[in-house]
Amino acid sequence: MKKVLCLIVVTLILLCGCSPTKEDTFTKNENGNIVSNSGVEYTLLANEGLLYYLGDLDFIGSIQGEEKSSQHSGLSYKTGMFAIKDADNDNILIRHAPDNEWFSIYRKTSLPSFDFAVDNCIRFEFVSGIGNTENDVTHTTCDEGIVVASEIAEFLSDVRSQKDPREAGLYDLIKKPDGMLENCYVYGVIYGFFEEESNIVVRMDITSYNDLAYSVSIEGKDYVLPTEWLQKLENK
């Protein structure tokens with residue numbers, strides 16, 4: 001009976017012209033790049049914090065010589081290379097390395113260089129609420145927001161001309177008499193999208209100061225966010 005079942009499976013595979021799904025095994029070359037079984041090479045583009053990905057992940061293979069699972073802060077997770085589910089192409093892979101809670105974004109080495117500075121974004125999209133910003137993969141782009149190049153440039157120029165929130169006195173709005181801070185929280189994020197890679201973004205966190213004023217973090221620097229820009233982003 002077992003022989004008959006095996007024969008049926010093999011026959012179906014031959015008829016379909018397909019083979020059983022097999023996870024890839026990646027290797028690291030002398031440059032530290034990641035190479036797939038088929039010879040496609042991927043170079044580190046950025047670590048989490050500089051860039052983020054949008055969408056769920058599919059595990060596609062482990063890296064030769066690395067543990068296939070690891071633990072960090074008491075949590076166990078699978079290590080290796082992941083593809084972004086439903087992505088238009090396989091330009092981008094996500095790596096989870098052993099004993100490291102941060103992910104890394106890799107991109108095909110054969111592609112032209114990619115400048116992921118916020119000034120090169122083609123769209124800014126606002127997502128409100130703490131729950132929506134705790135995990136970027138839950139966000140699905142709505143293809144709306146600030147999309148005109150001149151308006152994007154105006155936004156960045158205006159915001160970068162603002163003061164640091166502490167220098168501007170925004171912390172005074174949340175400071176209690178005992179010196180403790182209250183009602184200071186992440187109000188939402190602005191995602192910056194790129195023409196070259198639609199599944200990765202820069203992320204600009206917006207902080208609320210007692211719901212009286214706001215700041216935004218752009219490439220590691222904090223600026224006061226004028227309310228007219230926040231209102232415009234929310235309306236869009």
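Author: Gladly! Let's begin with Arg123, which is buried, at a relative accessible area of 10%. Keep in mind that this is a predicted model.

Reader: What makes Arg123 and Glu125 a salt bridge?

Author: The cut-off is a side-chain nitrogen of Lys or Arg within 4 Å of a carboxyl oxygen of Asp or Glu. Between the side chains of Arg123 and Glu125 the N to O distance is 3.3 Å, so the pair qualifies. In general, side chains of opposite charge can pair when their charged atoms come close.

Reader: How many salt bridges does the structure hold?

Author: The structure holds 10 salt bridges. One of them pairs Lys28 with Glu66, whose closest N and O atoms are 3.4 Å apart. Lys28 belongs to strand S1 and Glu66 to the loop between strands S5 and S6, so this pair ties together parts that are 38 residues apart in sequence.

Reader: Which label does Lys28 get, and which does Glu66 get?

Author: Lys28, at 44%, is partly exposed, because its value lies between 20% and 50%. Glu66, at 16%, is under the 20% limit and is therefore buried.

Reader: How do you know that Arg95 and Glu66 form a salt bridge?

Author: Their side chains meet at 2.1 Å, N to O, which is within 4 Å, so they count. Arg95 lies in strand S9 and Glu66 in the loop between S5 and S6, so the pair ties together parts that are 29 residues apart in sequence. Arg95 is buried as well, because its relative accessible area is 11%.

Reader: What makes Lys28, Glu66 and Arg95 one network?

Author: Salt bridges that share partners join these residues. Glu66 pairs with Lys28, and Glu66 also pairs with Arg95.

Reader: Which strands make up the closed barrel, and in what order?

Author: The closed barrel has seven strands, running S1-S2-S3-S10-S9-S8-S5, with mixed pairing. In the whole protein there are four helices and 15 strands.

Reader: How do you know that S5 pairs with S8?

Author: Two strands pair if there are at least two bridges between them. Four bridges join S5 to S8, so they pair, and they run antiparallel. Among the partners are Leu57 and, in S8, Ile84. S8 is also joined to S9 by four bridges, again antiparallel, with Gly80 partnered by His96 in S9. Strands S3 and S10 run antiparallel too, joined by five bridges; Thr43 has Arg107 in S10 as its bridge partner.

Reader: What makes strand S8 largely enclosed?

Author: Four of the five residues of S8 (residues 80-84) are buried, so the rest of the structure largely encloses this strand. For the protein as a whole, 39% of the 236 residues count as buried.

Reader: How many disulfides are there?

Author: A search of the whole structure finds zero. A disulfide would need a pair of cysteine sulfur atoms within 2.5 Å. As for the cysteines, Cys121 is buried, because 7% is under 20%, whereas Cys184 is partly exposed at 36%.

Methods. Residues are numbered from 1 along each chain as its sequence is written. This is a predicted model: local features need pLDDT of at least 70, side-chain atom pairs count only at pLDDT 80 or more; totals for chains, interfaces and linings use all residues. Side-chain values use heavy atoms; hydrogens and water are left out. Helices (H or I, at least four residues) and strands (E, at least two) are DSSP runs, numbered from the N terminus. Buried means under 20% relative accessible area, exposed over 50%, partly exposed in between (1.4 Å probe, protein chains only).
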